[in-house]
Amino acid sequence: MSQNIKLRKGFDINLAGKAEKKIGELPPAETYAIKPTDFIGMDRPKLLVKEGDQVKAGTPIMIDKLVENVMYSSPVSGEIAEVVRGAKRKILEIRILADKEISFESFDKHDDVKGVSKAAALEQMTKGGVWPNIIQRPFGVVANPDDSPKNIFVSAFDTHPLAPDMNYILEGEKKYFEAGISILAKLTEGKVHVNVNAADSSDFFKGSEAQTNTFSGPHPAGNVGVQIHHLAPINKGEVSWTVHPYGVVQIGKLFLEGKYDASKVIALAGSEVHAPQYYKTYTGVAINKLIDGTIKDGHVRYISGNVLTGSQINSTGYLGFYHNQLSVIPEGDYYELFGWILPTTNRLSFHRAFGLLSFLGGKKKEFVLDTNNRGQHRAFVQTGAFEKVTPMDILPTHLLKAVLAEDFDDMEGLGIYEVIEEDLALCEFIDVSKNDVQAILREGLDLVKNS
């Protein structure tokens, strides 16, 4: 039975520079990259190609030695141009010099996906490059095909700052989405949940084989972890899977079209973009063509993904595997004397004592925020603020302190199986102690996972 859930806790970060719903002209990128660091928990990647090899879109180029039947595939056709390595020869990037016309590896096509068996679905997904779209909860790692998930969850909306409109970036892909849901339904004895924004009047995500639930409320209402907590919480020993709507569409295309299609629509957004809008490209695109002539003068930061959980990249970097937006905001490398206490209407703050005047513009006011922390790391104090932005029945402050103390019993009892970094990213944003909350949480997740 569908559920309608209203969340009251949370905090919306309304930034200037939201992408306008139009597709901009973009010269074809010369190179694309797959980065093993995009896949949490991949400690032992193994290359299947070498520099100079020719590949097609869908050609396997890498595996994880711990789960060798899952292929990580090239998003485009072309030549393996460079394998970038770091300390101890760690693989950082596999760069592909793209062909002008993309050619594809061929996989089985199915006119009716309902006739596909579970075994056939698993084999085609693991070989066809789409399996890395499936993320396991707990821990937020690529799912193991040998596991049997309790349920599968798809969050059909994103409440992160400057997030792209899901209906817009997937426009015209409804038949692939429905086919993807049909395939996913074969992989679980439970339900496939598609969770939509209560304010969304579109029928794109409705009418499929999944159970459709509605959520309303401030960020992080769109986080799939928050949704799982309210629909079917994860207990110790249980596994659920999550898939981004784009990943569902990719799965559908693999079965209906017989190809690994890494084409996507991404948002270029942020206060430092002249005309924030959308662009058509492929997974792992080099951003140099994307930012050429589109960014305002000044010192800026490029973030692959959103400003809360994304990764900082340079002007010659590549968009991450799971990212559908490039955020551009001012760099905050300056010192402001007494900046935290000066009254202002232009600084967003959850704590009204520090930014009371910023609330005068109402909830729709847009802010230009930079990366300045306005303070240094200090003692981890308990303010009760974390609980106000976490719409889950957990105690984030106590959980994080349990991680720092490496207290496994407390970590499990305080809900570490239910959260990953994005679920507590708001805590990091509002933390007066300037703790790296997401890094602390990941440390705890790794401790529990490897124990």
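Visitor: Which backbone nitrogen lies 3.0 Å from a polar atom of the side chain of D423?

Guide: The backbone nitrogen of I420. Read such a pair as a polar contact: N or O atoms within 3.5 Å, where within protein one must be able to donate a hydrogen and the other to accept it, and residues adjacent in sequence count only if both atoms are side-chain atoms. One caution on the source: this is a predicted model, where local features need pLDDT of at least 70, side-chain atom pairs count only at pLDDT 80 or more, and totals for chains, interfaces and linings use all residues. Residues are numbered from 1 along each chain as its sequence is written, and side-chain values use heavy atoms, with hydrogens and water left out.

Visitor: Where does D423 lie, and is D423 buried or exposed?

Guide: Buried means under 20% relative accessible area, exposed over 50%, and partly exposed in between (1.4 Å probe, protein chains only). D423 has 2% relative accessibility, so it counts as buried. It sits in the loop between α10 (408-413) and α11 (425-430). Helices (H or I, at least four residues) and strands (E, at least two) are DSSP runs, numbered from the N terminus.

Visitor: Which residues is D423 in contact with, leaving aside neighbours within four places in sequence?

Guide: Contact means heavy atoms within 4.5 Å. With those neighbours left aside, D423 touches R137, N223, G225, V226 and E418.

Visitor: What does the side chain of Q227 join in a polar contact?

Guide: The side chain of N195, at 2.8 Å. Q227 belongs to helix α4 (residues 224-231). Its relative accessible area is 0%, so Q227 is buried. Beyond neighbours within four places in sequence, its contacts include V154, F157 and F215.

Visitor: How many residues has the largest nonpolar core?

Guide: A nonpolar core is a set of buried Ala, Val, Leu, Ile, Met, Phe, Trp, Tyr and Cys residues joined through side-chain atoms within 4.5 Å. In soluble globular proteins, nonpolar side chains tend to be buried together. Here the largest core has 82 residues, and M125, W131, L184, L187 and L326 have the most contacts inside it. Helix α5 (residues 245-257) gives the most to this core, with 7 residues. A second, separate core of 49 residues includes V224, I228, L231 and V403.

Visitor: Why is β19 largely enclosed by the rest of the structure?

Guide: Strand β19 (residues 325-330) has 6 of its 6 residues buried, so the rest of the structure largely encloses it.

Visitor: How many aromatic pairs does a search of the whole structure find?

Guide: It finds 13. Rings of Phe, Tyr and Trp (its six-membered ring) pair if their centres lie within 6.5 Å; planes under 30 degrees apart count as stacked, over 60 as edge-to-face and the rest as tilted. The F177 and F204 rings have centres 5.7 Å apart and planes at 50°, so this pair is tilted. F177 lies in helix α3 (residues 174-185) and F204 in the loop between β12 (192-197) and β13 (211-216), so the pair ties together parts 27 residues apart in sequence. Both F177 and F204 are buried.
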